[in-house]
Amino acid sequence: MATTKDASIGGRSFLDNLGKIYALYTGGFFAFVVVLAILEQMGVPNKIIGYGFVFLTLAVYAVIGILSRTSEVGEYYVAGRTVPAFYNGMATGADWMSGASFVGMAGTLFLLGYDGLAFVLGWTGGYVLVAILIAPFLRKFGAYTVPDFFSERFGGSFARFLAVIVLICCSFTYVTAQIYATGIIASRFLDIPFAVAVYVGLAGILLCSMLGGMKAVTWTQVAQYIVLIVAYLIPVVILSAKKYGIPLPQLTYGQAIADITNLEHQMAAKGLIASAKDAAGNAVAAKPHIKPFTSYDPLNYFALILCLMVGTASLPHILMRYFTTPSVREARSSVAWSLFFIFLLYFTAPAYAAFAKLEVYSLINKGTQLAQLPQWMYTYGHLGLVKVCGVDVKVIQDVIAACGKIANHPGVLRMQDLSINTDVIVLSTPEIAGMPYVIAGLVAAGGLAAALSTADGLLLAIANALSHDIYYKMISPNASTFTRLVVARVLLVVVALCAAMTAATRPADILSMVAWAFSLAAAGIFPALVMGIWWKRATTAGAIVGMILGFGICLYYLVGTRYFAPSFYETWSWLSDATPAKAAEYARLQAACTADAARCAALDKFAQGVANWWGVKNISAALFGLPVGFAAIWLVSLVTPAPSQAVQDMVDATRRPRGEAIVREKGPVMGH
Amino acid sequence: MADGTEDRHWSRTRSLMWIMFVLWLLFSFVVHFFVDSLNQITFLGFPLGFYMAAQGSLIAFVIMLFVFAARQDAIDREEGQAEDI
């Protein structure tokens, strides 16, 4: 690196003092939280505390982003390949854990119990695949983007273009959801309209990434990781210490789970929870917290784990983080650190869920009159996130009236009456447990950090694919460094604006489509990537057919089962898991739809439940795309001529850490 | 450098990958097939089947990756394929 920049972010003296710098930063953050806590005790209003958390953290990220500005292509795309394994691990953790992981994961575990653990497993185990199959080889390869690899390995622009298409399909809905999440948090804590808050979030995202590209995103993501992990751990550590006297929630929640099981028995006996009869005829909870396969059947549980894991190992914004380490060796240990930092949050989430569930069950078990619902239910009821007897908890008379319409309602709150949005658990736990507002502000700052950091990584992945792969490699290979960086920044802003405008319309579909990103990435990218590295005989034709078929089947299944459910069911009824009774019900609804078009919505809704192959939910569509992709690459490769000796030598070189990178930037050699 | 070293480097790399892959299958799927039986056992106050999905497998993944990084590094060095930096 040039010596003139030694003192700036990313310069040598910065890299030599990373430990000190981020220790100081962490200390400063704690001091900031303490100051706000003191201000709260002195009577400063909650709104000011909320502003403090949102604006101060945003300002810090922006300052890091601006100090990391760069005019070097290598720094813009891969942070100059100078990021040590440990810090790249933290940055990957922030890149990986989205607003939804931070805010929604514990809520999902609260609702689904054991079955929700499919997400915990799926979103961690994928890193084993990243480490053993992919990351070190891509690092040796020396690419700027994931499509770079496809182009070199599978000869030319078409494979690159396909990879870009898959990349954009799986990243765009995802980034829209992140901007949506920043908008929700900013609007709640700044008290401004959602449509405005989205653009506040957008400004925060662009300030971090635009000037410094990957270099800036890396160092802000490290800062964001520290904020998000502190914000996630503090409330649940306090809860654990209050309840069991030990500030290690991950150990103490075994007791909480035993308590939950006891409460479930008591509530079932009193009719306060949806119940079933056991063999002896006693009432037991229908969906006990620890009982497996109450929400997903085993097939869907394991299919979901597989798709999330393979999807993790294929998402370009994650893979490109391992392009930034100084060596292949550090890329490997960096995957290990990434998983460690992600693990810190994910093994805490089930504890969070258990403590929250214990609080709610205790409340219900003691028999709470409808007129005495706790304050937090109203706070979130007003936002439409907590319902009792099917109505938002806003006005007590409405709730009592709605419950009164239910036959034999006892007049006390029952678990089956209560419906809590998954986002509420993490956001409301500080209030449920009666903690000061400063903790709620801290949680908001953490959620914001999680959403911003993921949005940055995704935006960069999309914009880089457009500027590097499409513009530079396919349209204008002679562009100067200056032009390339201008194009990269303009595209970043354009993509970010498109995502923000989409988010501002509150697209319900986009949010549910985020889960699809994993299946799409898994089916479109994983087979060709792994076969390209691990099987020299894989040919261009094989990879192209494999990508098109794997991705195509996956997309067909996702779109078909969701948007064209009736025709999908009619085409594939022989593969559906619908029982004869359901098939008859379908025929009845279909006749009704033919007679009266207004009744087709019911048909569509019902069809979504039966439009499937062997009962596989569409979130796990890669279960079909993956084997098809692998099989197609294998078969087509065998019937086409083997790749040239040059390509085979390149694959060999990719497998050996020693030696030069395969792809090199023109002009001055960067790095050491 | 003799071709023999490079082949041996790759075959050892491949073996390590397969070991890790089988362990991955074990902790991602196989253990959880037996969740009901494991739940009969109590571990640290948890039903063991639940514990494995909530923490046990995750801890195994983290340890596996640090072991993998160290083992692969040893292979690279022993076979003369490690980086110079």
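Let's start with a definition: helices here are DSSP runs of H or I with at least four residues, strands are runs of E with at least two, and both are numbered from the N terminus. Counted that way, chain A has 28 helices and five strands. Before I go on, some housekeeping. This is a predicted model, so local features need pLDDT of at least 70 and side-chain atom pairs count only at pLDDT 80 or more, while totals for chains, interfaces and linings use all residues. Residues are numbered from 1 along each chain as its sequence is written, chains are lettered from A and ligands numbered from 1 in the order in which they are written, and side-chain values use heavy atoms, with hydrogens and water left out.

Okay, overall shape. The radius of gyration is taken over C-alpha atoms, and the globule rule is 2.2 Å times the number of residues to the power 0.38. For the 672 residues of chain A, a compact globule would come out near 26 Å, and chain A has 26 Å, which agrees. Its C-alpha trace spans about 80 × 70 × 45 Å along the principal axes.

And chain B? Chain B has three helices and two strands, in the order α-α-β-β-α along the sequence. A compact globule of 85 residues would have a radius of gyration near 12 Å, but chain B has 18 Å. The C-alpha trace of chain B spans about 55 × 25 × 10 Å along its principal axes.

Axes are lines fitted to C-alpha atoms, for helices over the stretch in contact, and angles run from 0 to 180 degrees between N-to-C directions. We call angles under 35 degrees roughly parallel, over 145 roughly antiparallel, 65 to 115 roughly perpendicular and the rest oblique. Contact means heavy atoms within 4.5 Å.

Pair one: helix 6 (residues 99–112) and helix 19 (residues 424–432) of chain A pack at about 90°, with axes 6 Å apart. Helix 6 and helix 19 of chain A are therefore roughly perpendicular to each other. On the helix 6 side we find A:Phe102, A:Val103, A:Ala106, A:Gly107 and A:Phe110, and they meet A:Ile425, A:Val426 and A:Leu427 in helix 19.

For classes, Ala, Val, Leu, Ile, Met, Phe, Trp, Tyr, Cys and Pro count as nonpolar, Asp, Glu, Lys and Arg as charged, and the others, Gly among them, as polar. That contact between helix 6 and helix 19 of chain A has seven nonpolar, one polar and no charged residues.

Pair two: the axes of helix 13 (residues 298–312) and helix 27 (residues 622–639) of chain A come within 9 Å and cross at roughly 60°. Helix 13 and helix 27 of chain A are therefore oblique. Here A:Ala303, A:Leu306, A:Cys307 and A:Val310 in helix 13 meet A:Ala622, A:Leu623 and A:Leu626 in helix 27. By class, this contact of helix 13 with helix 27 of chain A has seven nonpolar, no polar and no charged residues.

Last topic: holes. On a 1 Å grid over the protein atoms alone, a cavity is a set of points where a 1.4 Å probe fits but cannot get out, and lining residues have an atom within 4 Å of a point. Grid points are joined across faces, edges and corners, and a volume is the space filled by probe spheres set on the points.

How many cavities of 30 Å³ or more does a search of the whole structure find? Three. The largest cavity holds about 100 Å³ and has 14 lining residues, with A:Pro136, A:Phe137, A:Arg332, B:Thr13 and B:Gln72 nearest its centre. Helix 7 of chain A gives the most to that lining, four residues.

The second largest cavity holds about 50 Å³. Its lining has eight nonpolar, two polar and no charged residues.

Note on methods:
On a 1 Å grid over the protein atoms alone, a cavity is a set of points where a 1.4 Å probe fits but cannot get out, and a pocket is an open set with protein on both sides within 12 Å along at least five of seven lines; lining residues have an atom within 4 Å of a point.
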